[in-house]
Amino acid sequence: MSNNSVRGLSLVLPLTSFGNVLVVLFSIFLPATIIFLNVSVSVSILVNGALRSENRFMYMLSTCFSDICSGVSYYYVGVLDVRDSFDSPTRTFHIVPTFLGLSYMAILAAQADRYHAVVSPLKYSYHMTRNRTLMVIVAYWVYAFLIVAAHNLVTVGVAKQITSIGSFIGNIFTVIIMIGLNIRLFIIARFQLEREPPSEERENKRSSVYLILVVAVFFLGTWLPIFCHIIACNFLGSTCYTFKNEGTDPIRILPRLNAALTPILYIRGCSPLRATLLSKVWRPCCKRR
């Protein structure tokens with residue numbers, strides 16, 4: 001990014017009308033909400049040893065970390081007049097979209113984790129230790145930033161080709177996998193777990209499956225528009241950037257809304273997390289005030 005472009009940055013919209021002021025305020029409060037909620041969930045998991053011992057909370061933690069980065073970065077790409085495209089002087093060198101992609105990979109990995117935990121509990125408990133789960137999380141974080149490095153080490157033309165092919169193939173296959181896992185998890189939660197005798201273990205399994213199901217459904221609802229848009233543009237060979245900047249593009253705002261919605265779903269759908277959040281994170285902060 002050149003110094004001239006940095007000095008010339010303005011707000012996402014000029015404050016010349018009431019509607020523009022609302023858009024600017026929304027662009028400021030959205031990342032604040034994302035950061036507050038995801039930091040709250042992250043701290044709740046970190047201070048509770050019982051939560052840290054379960055693999056599913058490690059994936060939650062990974063999602064929260066990437067969403068916190070998305071929230072912080074939105075103060076640049078969402079609040080200011082920024083176009084995050086390959087040839088833009090205000091681009092982020094593919095770093096900001098990577099944080100969103102990491103949330104996507106975390107939810108997909110969490111779906112696969114819950115599927116194997118319910119279908120093959122003995123094999124899962126033997127193979128998927130906490131260290132191996134952390135290795136999976138580290139692996140997709142490293143992979144994501146290796147892709148960032150590849151984009152920035154090649155020419156713009158090659159980077160566009162990598163993104164075009166990768167987005168077209170990757171988005172189609174991962175969305176199909178996510179939808180397939182959703183259907184399979186719903187069948188398991190609705191029929192297979194119902195046949196098991198009532199127990200605390202069955203309720204824990206069912207609640208964890210339903211939680212990741214709901215999270216994945218809302219994720220798909222907010223991400224499918226941009227997936228379909230990118231796939232269609234890559235297929236037609238036309239540009240995908242039709243709005244003035246990131247902060248006024250509803251298709252690119254939706255994934256950020258999901259970054260605020262996901263921790264709310266975690267809090268609402270997981271009683272141990274909610275109890276820790278209220279008793280050890282929010283309540284002590286309110287008492288200090």
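**Ser208 and its neighbours.** I looked up Ser208 in this predicted model and found that, once residues up to four places away in sequence are set aside, Ser208 touches Arg56 and Arg114. As for secondary structure, I located Ser208 in helix 9, which covers residues 200-236.

**Spans from the record.** I turned to the unreviewed UniProt entry, which lists "transmembrane region" for residues 20-47, 59-77, 92-112, 133-153, 165-187 and 208-232. I followed two of these spans in the model. Over residues 208-232 I found 100% helix and 0% strand, with the end C-alpha atoms 35 Å apart. For residues 59-77 I likewise noted 100% helix and 0% strand, and here the end C-alpha atoms lie 26 Å apart.

**Helix 2 against helix 4.** I next asked how helix 2 (residues 18-47) and helix 4 (residues 55-77) are placed, and found that their axes come within 8 Å and cross at roughly 155°. Since angles over 145 degrees count as roughly antiparallel, I recorded helix 2 as roughly antiparallel to helix 4. I also noted that the crossing of helix 2 past helix 4 is left-handed. Sorting the residues of this contact by class, I listed 20 nonpolar, five polar and one charged.

How values were computed. Residues numbered from 1 in each chain as written. Predicted model: local features only at pLDDT ≥ 70, side-chain atom pairs only at ≥ 80, totals over all residues. Heavy atoms only, no water. UniProt positions renumbered as here; feature names shortened; annotations may be inferred. Helix = DSSP H or I, 4+ residues; strand = E, 2+ residues; numbered from the N terminus. Contact = heavy atoms within 4.5 Å. Axes fitted to C-alpha atoms, helices over the stretch in contact; angles between N-to-C directions. Parallel < 35°, antiparallel > 145°, perpendicular 65-115°, else oblique. Left-handed = near helix turned anticlockwise from the far one by under 90°. Nonpolar A, V, L, I, M, F, W, Y, C, P; charged D, E, K, R; others polar.
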